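Open the model in your viewer and keep the selection tool at hand.

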Amino acid sequence: MTLKGKKILLGVTGGIAAYKAADLASLLVKSGADVHVLMTEAAKHFVGAATFQALTRHQVFDRVIIDEKEGQIAHIDLADQADLVIVAPATANTIAKLASGMADDMLTTSVLATRAPVWIAPAMNVNMYGHPAVQQNLRTLESYGYRLIGPVEGHLACGWTGSGRMTEPEEIVREADVYFTPSPLKGKKILVTAGPTKEALDPIRFLSNHSSGKMGYAIAEAARRAGAIVTLVTGASLESPSGIKTVHVRSARDMYDEVLKHYEEADAVIKAAAVADYRPETISSSKIKKTDGQLTVTMVRNPDILLELGKMKKNQLLVGFAAETDHLEENALKKLEKKHLDLLVANHASDGFGNDTNKITLYFSSGKKQAFERMPKKRVAEKICDALAGLFEMSGNE
């Protein structure tokens with residue numbers, strides 16, 4: 001594990017999920033981390049400080065004044081020495097304090113004083129989590145550079161079901177391990193598109209394709225595991241992956257707008273989405289009724305997102321996909337050149353759509369070609385991310 005010797009501050013706040021913080025502290029210690037726990041007064045109503053002291057073999061910090069030693073300022077010393085700060089669980093109250101810059105306890109003063117990365121793992125009632133004030137505070141924390149870990153959907157202690165459940169300790173430890181693992185993708189901003197688009201015909205019907213989005217989601221998760229900062233723009237109905245900013249879209253034009261919005265800051269774009277080439281010229285405002293005759297729909301071209309990205313690219317690396325039914329290599333090489341791609345992932349349409357496996361061939365702008373046998377999409381995603389990492393190394397953009 002790469003956590004050995006890393007000094008991690010674990011902030012525990014007053015929510016029922018505080019019991020998970022004990023598991024998190026234990027797992028971090030077992031991974032070799034040097035864990036120091038900061039508790040709010042409310043947190044001690046759920047888990048005692050003695051529990052964390054036993055798990056970490058360190059004094060638990062819960063008050064600013066009495067923990068100060070002669071010649072030392074505890075919250076400053078802890079903040080200066082930290083490699084990572086994790087607030088888990090983070091209640092709506094503590095999130096609000098951090099967003100507004102309040103420093104009225106050991107946890108908030110230490111977070112304000114640190115220059116280490118700060119991760120926030122929200123945990124609260126689903127309605128609290130969805131409240132505009134809480135959402136605004138979370139956006140504020142993200143603007144500070146804090147990373148949000150979850151929450152996830154599930155059954156909550158209050159009896160509700162929905163978003164608000166704290167991310168499991170095992171997942172947080174995995175994220176920390178990834179963070180400290182050296183990788184050419186570490187810190188890279190990668191934009192991934194996934195799934196089909198849906199082109200409306202009337203308020204009820206739409207035209208689409210068989211793409212499930214599984215390949216794009218697997219790529220987004222593989223890139224995240226490799227340390228990248230991932231944004232996923234998707235037309236799929238799959239659950240949003242943990243730790244990844246996910247933007248849901250419907251039509252090709254929606255996807256075009258979102259991709260361009262994030263393109264300027266991206267280091268690489270992986271266009272795994274199956275975007276509709278055409279859309280109905282007009283969308284009926286009411287349901288189209290059956291008639292005895294034929295229905296004729298006039299179609300017009302959608303924007304070619306990948307082509308536009310290729311024209312506009314500066315230092316970004318571009319990865320495209322080609323799902324073909326005939327002349328795979330010929331069509332793949334044409335697309336690679338026409339759209340100014342650095343890498344093209346090609347497969348026969350029957351190999352990928354809707355399946356949990358895929359059989360791909362990679363075509364590089366350098367002329368290199370690499371074919372793989374059929375494998376699970378998780379492994380395919382790792383191969384694609386490995387290829388992208390190689391491109392970063394070759395370009396000197398590490």
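Predicted model: local features only at pLDDT ≥ 70, side-chain atom pairs only at ≥ 80, totals over all residues.

Numbering runs from 1 along each chain as its sequence is written, and side-chain values use heavy atoms, without hydrogens and water.

**Stop 1: the domains.** Select 7–180 for domain 1 and 189–396 for domain 2 (bounds from an automatic or database domain assignment). Their centres, over C-alpha atoms, lie 37 Å apart. Five residues of domain 1 and six residues of domain 2 make the contact (heavy atoms within 4.5 Å). Together the domains bury about 490 Å², with 45% of it on carbon and sulfur atoms (accessible area, 1.4 Å probe, lost on being put together and summed over both parts).

**Stop 2: α4 and α7.** Select 92–100 and 132–143; the axes of these helices come within 9 Å and cross at roughly 50°. Helices are DSSP runs (H or I, at least four residues), numbered from the N terminus. Axes are lines fitted to C-alpha atoms over the stretch in contact, with angles from 0 to 180 degrees between N-to-C directions. Now show Ala92, Ile95, Ala96, Leu98 and Ala99 of α4 against Val134, Asn137, Leu138, Thr140 and Leu141 of α7.

**Stop 3: α10 and α11.** Select 252–263 and 305–312; the angle is about 25° and the axes are 10 Å apart. That makes α10 roughly parallel to α11 (angles under 35 degrees). Show Ala252, Met255, Tyr256, Val259, Leu260 and Tyr263 of α10, then Ile305, Glu308, Leu309 and Met312 of α11.

Definitions and conventions. Helix = DSSP H or I, 4+ residues; strand = E, 2+ residues; numbered from the N terminus. Parallel < 35°, antiparallel > 145°, perpendicular 65-115°, else oblique. Buried area = accessible area lost by both parts, 1.4 Å probe.
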